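Keep the picture open while you read.

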Amino acid sequence: MARVYNFNPGPAALPEEVLIKAQKEFVEYRNSGMSIMEMSHRSPEFQDIIDSAETALRDVMKIPANYRVLFLQGGASSQFAMVPLNLFRKSKKADYIHTGAWTKKAIPEAGRYGTVNVIASSEDKNFNYIPKVDKSAFSSDADYFYICANNTIYGTRFTEFPDTGDVPLVADMSSNIMSEKVDVSKFGIIFAGAQKNLGPSGVTLVIIREDLIGHAMDITPTMFDYKTHADGGSLFNTPPTFNIYMAKLVFEWVRDMGGLDAMEKHNFSKAKVLYDALDESSMFSATVAPEDRSIMNVPFVTGNPDIDARFISEAAEKGLVGLKGHRSVGGMRASIYNAVPAKAVDALVAFIRDFEKNNS
Ligand code: PMP
């Protein structure tokens, strides 16, 4: 079977060039006589892989020198606990903006270790927008301020980040990291599970400002202390070596494409093509407020679950897969991450138009 147009939300499409390169190096990595998966994480070959991964990522995201890059495990979900365990150090208070499923999980996790103030929420409209925040609601003595930069399920995106002054801003960027330029210096911590824009699932990226390392609560397990991994160069214990190698190839692919300047053009243009088609349609509509629409995850509905189901199954027959929406929104969702080519979105738009013509 030929490769399909893959709109999966994560694990998601990877660049074909990366898969081919990994295939070439799969059995024997360069002159080592073995696969990366068979190699010590303390070998010079692997050290070179993890160093090159970090160099390419720093280059692509323009990460300032006073930030550390950590390759961890446990998924983005572990960060829901790791962030409070490491950052609750003075007031043990944190402000959260609640934008759906991923903050719904992060909030109670932080609440186990301190006080969470939910200063804004979009729950009143099933999370289909990013709530406006009033600075007067911010806790000036908070240890950190937390957002989910792009909600994978609801398809919302922060177009502007809150100005939190001296309070470190923490962002879950699992589903939009490296999709557009960000000023890393505005954040205390950026974290992301790899399985959307960075590679296969299994590695979790943390970009953390140096001064936030080394203050973990006493109860923090060693493996949950950022200092453990910063001191150990992400090699305190056995890391997911093959996943770090794959992430390195993806970072280099983005760099060779022209970095985030080129990537954001590619992504904004794909998203516009799809949203324009949905806005023009009288059968389909995008569910998110226009000003808060994600350029990575595009939920849309017809309003009729039977028609939605038929759309999804007929699309799959045409090689357009992974379009089923999350159960909490229903309908469809097209995840159009970095590795999804423009021609996949063009094919989806053509199918949307054909389907509408044939069914109205
Ligand atoms: N945050 C966001 C925005 C997500 O989309 C996801 C799911 N991929 C998670 C957190 C949880 O990630 P993981 O499965 O890596 O724990």
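Two residues are in contact when heavy atoms of theirs lie within 4.5 Å. By that rule, and leaving out residues up to four places away in sequence, T302 touches M283, F284, I307, D308 and M332.

Before going further, note that this is a predicted model, in which local features need pLDDT of at least 70, side-chain atom pairs count only at pLDDT 80 or more, and totals for chains, interfaces and linings use all residues. Residues are numbered from 1 along each chain as its sequence is written, and side-chain values use heavy atoms, with hydrogens and water left out.

**Around T302**

Where does T302 lie? Its place is the loop between β12 (297-301) and α8 (305-317). Helices (H or I, at least four residues) and strands (E, at least two) are DSSP runs, numbered from the N terminus. The side chain of T302 makes a polar contact of 2.6 Å with the side chain of D308. A polar atom of the T302 side chain also lies 3.0 Å from the backbone nitrogen of N304. A polar contact is a pair of N or O atoms within 3.5 Å; within protein, one must be able to donate a hydrogen and the other to accept it, and residues adjacent in sequence count only if both atoms are side-chain atoms.

In the contact, domain 1 takes part with 28 residues and domain 2 with 27 residues.

How much area is buried between domain 1 and domain 2? The value is about 2300 Å², with 54% given by carbon and sulfur atoms. Buried area is the accessible area (1.4 Å probe) that two parts lose on being put together, summed over both. On the domain 1 side, I153, R157 and K181 supply 23% of the area buried against domain 2, more than any other three residues.

Between the domains, 16 residue pairs are in polar contact (both at pLDDT 80 or more). Elements giving two or more residues to the domain 1 side are α2 (44-61), β6 (150-151), β7 (156-157) and α6 (241-257). Of these, α6 gives the most, with 4 residues.

**Salt bridges**

Side chains of opposite charge can pair when their charged atoms come close. A salt bridge here is a side-chain nitrogen of Lys or Arg within 4 Å of a carboxyl oxygen of Asp or Glu. The structure holds 17 salt bridges, and the rule finds 2 across the interface of domain 1 and domain 2. Here are two salt bridges from the structure.

| Salt bridge | N to O distance |
|---|---|
| E264 and K181 | 3.9 Å |
| R157 and E180 | 2.8 Å |

R157 lies in strand β7 and E180 in the loop between β8 (169-172) and β9 (189-193), so this pair ties together parts that are 23 residues apart in sequence.

**The ligand**

A polar side-chain atom of T152 lies 2.4 Å from a ligand oxygen atom. An N or O atom in the side chain of K196 is 2.8 Å from a ligand nitrogen atom.
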